[in-house]
Structures are given as structure tokens and as C-alpha cells.
Amino acid sequence: MSNLKSSELYQSLRTRIIDGAYQPGDRLVLRRIAHEYDVSEIPVREAIRMLERDGLVEMIPYTGARVITLSPQKIRESLFVRGHLESIATGLAATRLTAGQLDELSALISDMENAAANQATVEYAEMNRTFHGLIIAASGNQVLCDTLADLEGAQIGFQALFRLRPRRFDVSVHEHKEILGHLRARDADAAREVALRHKLGASAELEAFFLEHDGRPATTTAKEATTTKEKVTA
């Protein structure tokens, strides 16, 4: 792997974080990674910068890079905003998507069903991003597209949802089918509603994982959840 480029190293480390090979709070030691991949520390440093940009890694003073952790409050607030914006974009796209684009979304859902059946976390997450990306692009609102791109770029770690909550696969596939059905029917209101439910459902699942991970009952109040010091990777 001596010729491994920063971008390839980034993809490899990114997959390992999403797959759980690197756990919340794990340090990413430059020298150790460079030795493992048989490269100098220069591409490792650049790859870690790219992971930090994606919101997967954080730099800790006097410690270095580590796999990022997120509080339930951060998850809730981030996906609340993103969910409402994606809902708006989905409603706008309902009257703009072409027949060809709708067929492309349908093909993606078929591929996602196969990935879900195999619990292929990374593959499913990428197809999920592509699915919503196509819809957002069809909204015709560039400001909305740019804002969502920025939000998504900072929330790539949320893709770990399917690893943390495997039961989310079936729910996700069903909701994507619902969204597509409403888009085909050109029903903007229904498409918006399902798109919002879809994103807020993901948020609830991540929060539920946090509560279980922290040893707190699922009935813990939002106020109690946000005051805990424990954190979990999103």
C-alpha cells in the first residue's frame, strides 16, 4: 500500500469508522496508521483532516485525533433542522422530478433492499445519500441544496445508524418506498410529511441507542437526556 493516496486512505478509514472498527473516542494515532498502511504520516494527516471535515473525527488538544462523539441533544437538533429542510426539498421536487429520475429512484430502492437484506451498512448508507441527493437536487432551489449539502457533510457520522440499530433497515426501505410513491403521484404534501417522519425517525433511533448505551430507560425525559455527561458516536 506504499502508493496509497490520501483520498484512498480517507475512504478506508471512513469505512472503518462507520462499520465500527474504530469505536467512539478511539484515538487515531498517525504513526500507528502510517505503519499499518505502509505510508508516510503525510497522507495520514491529510486523511484525518478530511475525516474531521466530515464530522467523523475531532482534534483534542494535547491528545490528537479521535473518533468523534455526539450528545443526544446534538443529534436531535441537527436532524430536526435537516429533516425540515429535506422535507421542504422533497415537496418541491414532487412536481419537478422527471419520469427518468423517478425510475432511477426506484432502481436505487431495489439496490437498497438487497443491501438491507445483507446488512451492508456502508453500501446502504451511500445509496441512502444518493437517493435523497437526487430528490434534493430536483427541488430547484440552489440555496436549499447548498445548505443541505453543508449539513450532510457535517453529519456523515450519522450513517452509523444502520450499524447501531439494524432494525432501522426495514423501516428505512419502507419509508423510501412511501416517499417514492408520493413523488410519483405528484403529492407534494404527502411527500413532505413522509420525508420529515423519515428523518425524525432516524433521530429517535439514534437517541434511543444513546439512552440504552447510557443505561437509562427509554422513558428518560429529553431534559434528563441532555444533561448527562455520557456521549455516543452518531
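I began with the burial terms: buried means under 20% relative accessible area, exposed means over 50%, and partly exposed lies in between (1.4 Å probe, protein chains only). The model is predicted, so to speak plainly, local features need pLDDT of at least 70 and side-chain atom pairs count only at pLDDT 80 or more, while totals for chains, interfaces and linings use all residues. Residues are numbered from 1 along each chain as its sequence is written, and side-chain values use heavy atoms, with hydrogens and water left out.

**Entry 1: Tyr-62.** I looked up Tyr-62 and found that it counts as exposed, at 90% relative accessibility. Tyr-62 sits in the loop between strand 2 (57-60) and strand 3 (64-67). Its phi is near 65 degrees, a positive value in a residue other than glycine.

**Entry 2: the whole chain.** I noted eleven helices and three strands in the chain. Helices here are DSSP runs of H or I with at least four residues, strands are runs of E with at least two, and both are numbered from the N terminus. Along the sequence I read the pattern α-β-α-α-β-β-α-α-α-α-α-α-α-α. The chain has 234 residues, of which 47% count as buried.

**Entry 3: helices 2 and 3.** How do the axes of helix 2 and helix 3 cross, and at what angle? I found that the axes of helix 2 (residues 30-37) and helix 3 (residues 41-53) come within 9 Å and cross at roughly 115 degrees. Helix 2 is therefore roughly perpendicular to helix 3. That label covers 65 to 115 degrees; angles under 35 count as roughly parallel, over 145 as roughly antiparallel, and the rest as oblique. Axes are lines fitted to C-alpha atoms, for helices over the stretch in contact, with angles from 0 to 180 degrees between N-to-C directions. In the loop between helix 2 and helix 3 I found Asp-38. Phi of Asp-38 is near 60 degrees, again a positive value in a residue other than glycine.

**Entry 4: Tyr-10.** Is Tyr-10 buried or exposed? Tyr-10 counts as buried, because its relative accessibility is 8%. I placed Tyr-10 in helix 1 (residues 6-19).

**Entry 5: Val-81.** Val-81 is partly exposed, with a relative accessible area of 40%.
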